[in-house]
Amino acid sequence: MRTVCEAPTLTRTVRIKLATTSQEREATRRLRRAVFCDEQGIFDGDDLDEIDQQALPIAAVLSMPDRPDEVVGTVRIHETEPGIWYGSRLAVTRSARRTGSVGSGLIKLAVGTAHAHGCKTFLAQVQSQNVTLFQRLHWTSLAELDVHGRPHHLMQADLAHYPPMHDGDTGFVVTRDAL
Ligand SMILES: CC(C)(COP(=O)(O)OP(=O)(O)OC[C@H]1O[C@@H](n2cnc3c(N)ncnc32)[C@H](O)[C@@H]1OP(=O)(O)O)[C@@H](O)C(=O)NCCC(=O)NCCS
């Protein structure tokens, strides 16, 4: 008898989207506390600040069969003056790092969403160990900075590589070639 081997179906997806529900927003804050307070020790207890009152939070949502959705990544964006936008608090949970372009996908939606809102200049203060990652994603280092006592680079995204994205509520599923 002939056996038929079926190709495995796609069971694990990570969708990058604006954090539109209260559950998604709360999960992004938990993830930020886990990364920036517990793991990196940059903040004591909570990393919330006044920027959160105006920032748009973005989430990476892991979906698997028979399990509740889980937020495995986040970043936030905000406008400081007309046309000038910043991204900050980029974080991916340890188990999802370097697995499927989650961080790159978050950066793509962050810059693309700002571009759709009229961004002319997109900047971020990037921890020095991540500069190579951002350079690979078409960012340029403008200056070296000390932020919270740690080495950072002020970096700027090349908007030519980040077309405006108007559908952040739906977002997109990340693939290895996110950008
Ligand atoms: C930085 C961070 C968000 C990256 O997320 P990630 O999901 O691992 O990133 P990606 O998988 O999209 O990385 C894309 C590529 O860059 C590589 N990469 C990831 N982090 C890198 C780094 N720090 N330096 C160089 N390359 C890096 C990945 O291996 C991957 O390469 P590949 O496509 O050849 O496999 C994640 O490591 C993190 O949350 N770190 C702790 C918090 C932090 O540092 N936040 C950033 C503050 S600026």
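Predicted model: local features only at pLDDT ≥ 70, side-chain atom pairs only at ≥ 80, totals over all residues.
1. The protein has 3 helices and 8 strands, and along the sequence they run β-α-β-β-β-α-β-α-β-β-β.

2. On overall dimensions, the radius of gyration is 17 Å, which agrees with the value near 16 Å that a compact globule of 179 residues would have. The box filled by the C-alpha atoms is roughly 70 × 40 × 30 Å along the principal axes.

3. Next, packing and surface. Of the 179 residues, 45% are buried. Among contacts with a separation of 6 or more, 64% join residues 24 or more positions apart.

4. Now to the hairpin of β2 and β3. Strand β2 covers residues 56-63 and strand β3 residues 70-81; they pair in the antiparallel sense over 7 bridges. P57 has R76 of β3 as its bridge partner. There are 6 residues between the strands, and D66 takes a positive phi near 65°.

5. β3 also pairs with strand β4 (residues 84-92), in the antiparallel sense and over 7 bridges. Here I77 is bridged to G87 in β4. This hairpin has 2 residues between its strands, and G83 in the turn shows a positive phi of about 90°.

Definitions and conventions
Residues numbered from 1 in each chain as written. Heavy atoms only, no water. Helix = DSSP H or I, 4+ residues; strand = E, 2+ residues; numbered from the N terminus. Rg over C-alpha atoms; globule rule 2.2 N^0.38 Å. Buried < 20%, exposed > 50% of the residue type's maximum accessible area, 1.4 Å probe, protein only. Contact = heavy atoms within 4.5 Å. Pairing = 2+ DSSP bridges.
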